[in-house]
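The sequence and structure come first.

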Amino acid sequence: MKKRYIFSCLVAGATFMSSCTKNFDEVNTNPNKTTAELINPNYFMSQAQLTFSQTGYDQLLFQSMWVQSLASTFSYYSNGDKYVLGGSGTGYYNRTWNRGYSALTLVDEMKNLIKGKPEYTNLDACGGILRVLFMQRITDLYGDAPFSEEGMAKAGNFTPKFDKQQDIYAAMLSQLDAAINALDASKPVPSTDLFYKGNIPQWKRMGYSLMLRLAMRMTKVAPDMAKTYAEKAYAGGTMSSVADDVKVMTDPNNNTSSNSDALLVPDDFREVRWAKTLIDYLQANNDPRVSAIAEITNGNGKRANEDRTTPGINTASLQLGMPNGYDLLGGATDISKAPGYPGATPAVDDKDAPAPDGKYSRPRLRVYADKGSANFIYTYGESELLLAEAASRGWNTGVAATHFANALAADMKSLAGYNATPTAVVSDADIATYVAAHPLLPGTALQQINTEYWVATSTTFDFNEAFANWRRSGFPVLTPVSYSGQYITGQLPRRMPYPITLPQTNGANYNAAVASQGADNFATRVWWDK
């Protein structure tokens with residue numbers, strides 16, 4: 001009886017299993033599972049654009065102060081202000097690298113999803129342009145980096161080789177050219193584009209402007225190639241007005257501007273000021289941007305009035321830039337010892353005590369601390385400045401003086417696009433007066449053009465680009481900061497070291513890159529920085 005029971009159970013189990021296997025796939029498939037066919041690839045584009053644009057502390061901690069656009073006495077910002085690693089400074093080596101490759105991964109996935117689908121021709125081409133845009137920032141900051149083997153993790157390559165920057169530039173120019181040529185206004189356009197809302201003519205102008213920027217980066221190391229591509233970009237048609245500015249408007253309810261997040265750190269002294277180098281230059285030239293971008297705290301610098309939610313006073317004549325290289329430690333480098341110190345005394349833990357930084361100019365809160373403000377990536381004014389430089393070199397890119405005048409006007413007008421409700425507004429009359437008073441002069445053309453490039457990228461908080469173009473051009477001429485315990489002395493930094501995890505995660509290729517490029521430190525120059 002027992003054996004018959006066991007046999008019956010086995011037969012019943014086998015019958016049950018047999019009946020299940022007839023519909024095994026159907027029964028065991030999750031109807032709610034996301035598949036490639038269910039994903040709208042357009043969403044990868046907008047996420048990539050937002051990810052890439054959110055620089056925040058990535059730039060403020062190092063690049064903004066390396067080029068003396070901003071300054072700070074707070075120890076956390078010693079990383080850039082005084083070339084001294086403080087806080088989690090080494091962790092920020094990773095930021096631009098990780099953010100750039102994260103954005104690239106999103107583009108890679110998007111391009112994989114639309115491969116072989118002609119209805120996504122423009123999305124694919126825009127992805128090609130984005131890939132070059134993202135990669136340029138990475139290689140400009142670090143030098144040699146993975147590019148030809150980037151995005152191959154799905155294929156099992158978790159340790160991509162580092163391409164030489166010279167080879168990366170050649171590949172970027174080739175890929176960019178192909179992407180621009182693939183754009184077709186007669187076909188469907190990207191539906192989630194944060195730059196241009198799918199406007200293909202604008203994407204073409206952006207693509208050629210990016211080609212121009214790549215070309216001009218090579219002026220010292222590959223002048224013939226630079227000339228060829230600069231002229232090609234001009235012939236193709238670069239950006240034509242501030243409406244072509246490349247930027248991402250953030251969302252105060254969801255994706256707030258990381259620049260505003262960085263500027264609104266709660267601690268009163270965890271803040272940055274405009275640097276003396278920048279404010280002095282603007283005031284010496286009667287530049288109307290001063291009152292558009294800068295303010296002193298409203299309350300004579302007392303700590304109680306350091307609330308970063310309270311707008312300050314933006315009268316141009318009252319603005320005062322902070323010198324780089326000072327602290328709040330009471331010694332020889334205390335800010336109270338700085339030449340021209342405005343008179344406050346070091347603060348104690350008293351809301352009515354004077355705040356030592358209070359009378360120095362800070363970025364205007366209504367502009368830069370706006371949680372829904374723009375993340376600028378590349379502007380029409382920058383493009384015009386590069387065309388002006390190319391023309392000054394005798395290349396066929398138009399009239400240098402005309403491009404320079406266009407750039408001066410555009411750089412001021414672009415500021416109004418920083419906020420949904422224009423705040424940093426320079427009047428047309430003031431713009432016209434300034435442009436007329438600052439013509440391009442052949443004997444000082446390169447200095448004028450590249451110093452204005454520094455002003456333009458500083459005032460739009462695009463410090464990655466300010467740092468890159470300063471290294472290439474040498475303008476403005478900057479004096480290195482001298483301070484105890486620096487990671488580089490007697491000169492300004494020239495590059496960012498690789499993320500500190502790479503020797504463990506991709507050791508062989510990291511070591512090969514260092515052997516080829518030079519020591520992995522702040523002094524080693526990238527290929528085009530000669």
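## Helices α9 and α10

Helix α9 (residues 165-182) packs against helix α10 (residues 200-217) at an angle of about 165°, and their axes are 10 Å apart. The two are therefore roughly antiparallel (over 145 degrees). The crossing of α9 over α10 is left-handed. On the α9 side, the contact (heavy atoms within 4.5 Å) involves Tyr169, Met172, Leu173, Leu176, Asp177, Ile180 and Asn181. On the α10 side are Lys204, Gly207, Tyr208, Leu210, Met211, Leu214 and Arg217. By class, this contact has 9 nonpolar, 2 polar and 3 charged residues.

The model is predicted: local features need pLDDT of at least 70 and side-chain atom pairs pLDDT 80 or more, while totals for chains, interfaces and linings use all residues. Residues are numbered from 1 along each chain as its sequence is written, and side-chain values use heavy atoms, leaving out hydrogens and water.

## Helices α17 and α19

Helix α17 (residues 400-414) and helix α19 (residues 445-459) pack at about 15°, with axes 11 Å apart. That makes α17 roughly parallel (under 35 degrees) to α19. Phe404, Leu408 and Asp411 of α17 meet Gln448, Ile449, Glu452 and Ala456 of α19.

Key. Axes fitted to C-alpha atoms, helices over the stretch in contact; angles between N-to-C directions. Helix = DSSP H or I, 4+ residues; strand = E, 2+ residues; numbered from the N terminus. Parallel < 35°, antiparallel > 145°, perpendicular 65-115°, else oblique. Left-handed = near helix turned anticlockwise from the far one by under 90°. Nonpolar A, V, L, I, M, F, W, Y, C, P; charged D, E, K, R; others polar.
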